[in-house]
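Okay, everyone, thanks for coming.

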Amino acid sequence: MNKLVYLLLEWYHQEKRILPWRQTKDPYHVWVSEIMLQQTRIEAVLGYYERFMNRIPDIFALAHIPEDELLKLWEGLGYYNRARNLKKAAQIIVENYNGIFPSTYDEILKLPGIGEYTASAIASICFNEPTVTVDGNVLRVYTRIQEDKRNISLNNTKKEIRNELSQMIPLESGDFNEGLMELGETICLPNGIPKCNLCPLQTFCLANKHHSWSKYPVKDEKKAKKELDYTIFLFTYEGMWAIRKRKDPGLLHNLWEFPNVPGKLSLNVVKAYLENNNIEGNITKSITNKHIFTHQVWNMTSYIIKLKEPLKEYLWKKPKEIEEQYALPTAFKPFFEEIKLKNVEINIK
Ligand code: SF4
């Protein structure tokens, strides 16, 4: 196994991608990048990371940033609780640790929004603690090398693999962890054919020897996502558009959205809905959008409704103001692009 570790480290030192958060061992930078990278591709994170660091360069700035501004910076990255937890953790670090990032796995793990994986990544990369990071990339590489048939969807399997990897971890623990993850991301690909001819571990790898890589890792079938219909009301009045804050404590909590109701309403039903609520306006059918979340799919139908009077329960803003100041989740972005495009045309009619 020592040879395998040596080859992996040698490959990582030569081939690792140059990324902004790899230019430093500052835990603040590593932490923010690790949280952004959860469920998000590196290419998508680069621009966000740069903007975030320009506006929020350290833990103190993060602890004090207003939530709306933080969410606006996070807009489009999704999983907004990640951003809220960053702020909560920064406040704890300022209060309990005088603003100095805790330096051990056990302490880091206690912070909100930080699980075993992120705590290990920060502890090993920034503080050289010999603790293993186990993510989908690591599990793929590890099970392919050994043609390991254990089901990686089971927590027990992850725990076992974590223990096994702990026996191998060298002094350069951060590089070992990053090397395994990098190998999974760039060479031992999840979809499509792995680039075994470029892999430093190919002589050790049973999946390479038997061309069996497509069978590993073994995991549970994905559950079908729940499909939900929504009708979006794009209310407009004198060049302004109605938005509101989501009260739903679940998905997209406290973010801004266009008013909407569950179900796919036809034009006639929308007319009746407005009449019943004493709302007067011209209704036009607008675009549809399908948005895929991790566990559900939203099928969204929209109507532009030009009102004679603004409705008091909403906030009324021009498109430019919405764009600059309010965090709209990606699911609502196509509707925003549509109103931006049609705003003048609709409001001078
Ligand atoms: S040799 Fe191929 S299958 Fe084996 S770890 Fe490397 S890329 Fe993955």
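Predicted model: local features only at pLDDT ≥ 70, side-chain atom pairs only at ≥ 80, totals over all residues.

Let's begin with the hairpin: strands S5 and S6 make it, and three residues sit between them. S5 covers residues 281-292 and S6 covers residues 296-307. The two strands run antiparallel, and ten bridges join them.

Now zoom out a bit. How is the protein divided? There's domain 1, residues 2-215, and domain 2, residues 226-348. Going by C-alpha atoms, their centres are 37 Å apart. As for where they touch, eight residues of domain 1 are in contact with six residues of domain 2. On the domain 1 side, that's three nonpolar, two polar and three charged residues.

Okay, helices next. In general, you describe two packed helices by the angle between their axes and the distance between those axes. So let's do that for H9, residues 136-146, and H11, residues 173-186: the angle is about 85 degrees and the axes are 8 Å apart. Angles from 65 to 115 degrees count as roughly perpendicular, so H9 is roughly perpendicular to H11. Who makes the contact? From H9 we have Asn137, Val138, Arg140 and Val141, and from H11 it's Leu180, Met181, Leu183, Gly184 and Glu185. Sorted by class, that contact has five nonpolar, two polar and two charged residues.

H11 also packs with H8, residues 116-127. Here the axes come within 6 Å and cross at roughly 130 degrees, and therefore H8 and H11 are oblique to each other. On the H8 side you'll find Ser120, Ala121, Ser124 and Ile125, and they meet Ser173, Gly174, Asn177 and Glu178 of H11. This contact has two nonpolar, five polar and one charged residues.

Last stop, the ligand. Which of the 14 residues around the ligand come nearest? They are Cys188, Cys196, Cys199, Cys205 and Asn208. The shell as a whole splits into eleven nonpolar, two polar and one charged. H9 turns up again here: with three residues, H9 gives the most to the shell. Helix H12, at 206-209, supplies at least two, too.

Definitions and conventions. Residues numbered from 1 in each chain as written. Domains from an automatic or database assignment. Contact = placed C-beta atoms within 7 Å. Nonpolar A, V, L, I, M, F, W, Y, C, P; charged D, E, K, R; others polar. Axes fitted to C-alpha atoms, helices over the stretch in contact; angles between N-to-C directions. Helix = DSSP H or I, 4+ residues; strand = E, 2+ residues; numbered from the N terminus. Parallel < 35°, antiparallel > 145°, perpendicular 65-115°, else oblique. Near = placed C-beta within 6 Å. Pairing = 2+ DSSP bridges.
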